[in-house]
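Let's take a friendly walk through a protein model. Have a look at the sequence and the structure before reading on.

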Amino acid sequence: MSDPTKFITSLGQALSVMGLYPAGHPSRERAVDASFDLLRQLVQSDTPPRFSFLDGDVIYGRQVVRELAGWEWGTRFSGSGIQRIEFLDGIEREEYAGWLADMLQRIAGESPPSAEARQLYPGKIRYGAVEVRGAQEHPAGEAEPAPPTEPMSLDAEAEAIQWMHREVQKLGRLPLLEAEAVVRSLSLAMHSSSQIRLPLLQLKSFDQYTTTHSSNVAVLAMGLAEYLGLGSREIRQFGIAGLLHDLGKVRIPKEILVKPGKLTDEEREVMQQHPVDGARIILERETRLETAAFVAYEHHILLDGGGYPRLRYARDCHYASKLVHVCDVYDALCTDRPYRAAWESERALSYLAERAGHEFDPEIVQTFTQMVRLWDESRSPLVPTPPAPTAPA
């Protein structure tokens, strides 16, 4: 059994024992001591240890802990609004014991500790719901009054996507469980605070564009599928398809991906190979991902048959491909690129509308526009939008 698995199992055991015995009871103290010892070992070997609890799965860092599928306490954490826990270096036994008592209260539906009680903790444990960009992380021990749980960023999901791309590049392995965990986490973030959240994540550098873009398209695709009234299984499939739609770009040299100027004919030919490569990677590794393979192959094919790759025989593309195509172009237009600044949302929507019926499915564009405007009305912009350029992407 791995150290993370040993620790998280001991955490559940400590909570169970604490529910049976009062403070100071020897059995309770022994359970806390045993769990804290394992935590201390884990912090020494991997700082900061980060656990996420999503739809019955326990994720350590960026990998699913298969031994803990369906772990009861993970479901309880998630149901109490605690979807992620991070343990920082320097945590003391007293803080850990107090935090366990706090968790037990939350899971039982009791009121969280007051701001005064929080001041007793040095703040080496961070926990809370997963939030999309713009949510600020506050350690649980801050003196300010705090909400029931502290919002956590999606940095772990960005790291997981980058790790997935490296796995495909170096080992030829498509880590499906990790991809599904990322999509579940994005779905939770999308619905945080009981409302759809604007999915545009912060682009820290152009090197991270593919990672950020994949996350955004997954969220947009899931949001649109839900807005259209599709079932939960299809929504998840569309999310996976959005996350993997550009997977073939792992085979494109970095200097082409981030080139600030116009591509040469040879470079464009390399770039336009990524739909074929992406579909091939998916089908060679995961036969269950048929929808994602269709989307990877078709997301640059226009409604009238143009675009790339060229179809040998005219046919209609998969519905998921047409949906992801709209989400893909919208997010690409609304994100800073080396060769142009980001567009405002309304300008990007106008671009989609102008090409509906030729490049995009008109009904999907109309529904997507309604959804995005609803999102924009319910949430103010997270960052100032730069002036729109005069030429299209």
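## How confident is the model?

For the protein chain as a whole, the mean pLDDT is 83, and 83% of the residues reach 70 or more.

Two stretches call for some care. Residues 133-148 stay under 50 in pLDDT, and the model gives them 33 contacts beyond four places in sequence. The pLDDT is also below 50 over residues 380-393, a stretch with 25 contacts beyond near neighbours in sequence. Where pLDDT is low, the predicted coordinates should not be read in detail.

Now find helix α8 (residues 209-227) and helix α14 (residues 319-333): their axes are 9 Å apart, and they pack at an angle of about 130°. The two helices, α8 and α14, are therefore oblique to each other. Their crossing is right-handed.

Which residues of α8 and α14 make the contact? From α8 come Tyr209, His213, Asn216, Val217, Leu220, Ala221, Leu224 and Ala225, while α14 brings Leu323, Val324, Cys327, Asp328, Tyr330, Asp331 and Ala332.

## A cis peptide bond

Most peptide bonds are trans. Between Tyr308 and Pro309, however, the peptide bond is cis, with omega near -5°. To find Pro309, look in the loop between α13 (290-298) and α14.

Conventions:
Residues numbered from 1 in each chain as written. Predicted model: local features only at pLDDT ≥ 70, side-chain atom pairs only at ≥ 80, totals over all residues. Heavy atoms only, no water. pLDDT = per-residue confidence, 0-100. Contact = heavy atoms within 4.5 Å. Axes fitted to C-alpha atoms, helices over the stretch in contact; angles between N-to-C directions. Helix = DSSP H or I, 4+ residues; strand = E, 2+ residues; numbered from the N terminus. Parallel < 35°, antiparallel > 145°, perpendicular 65-115°, else oblique. Left-handed = near helix turned anticlockwise from the far one by under 90°.
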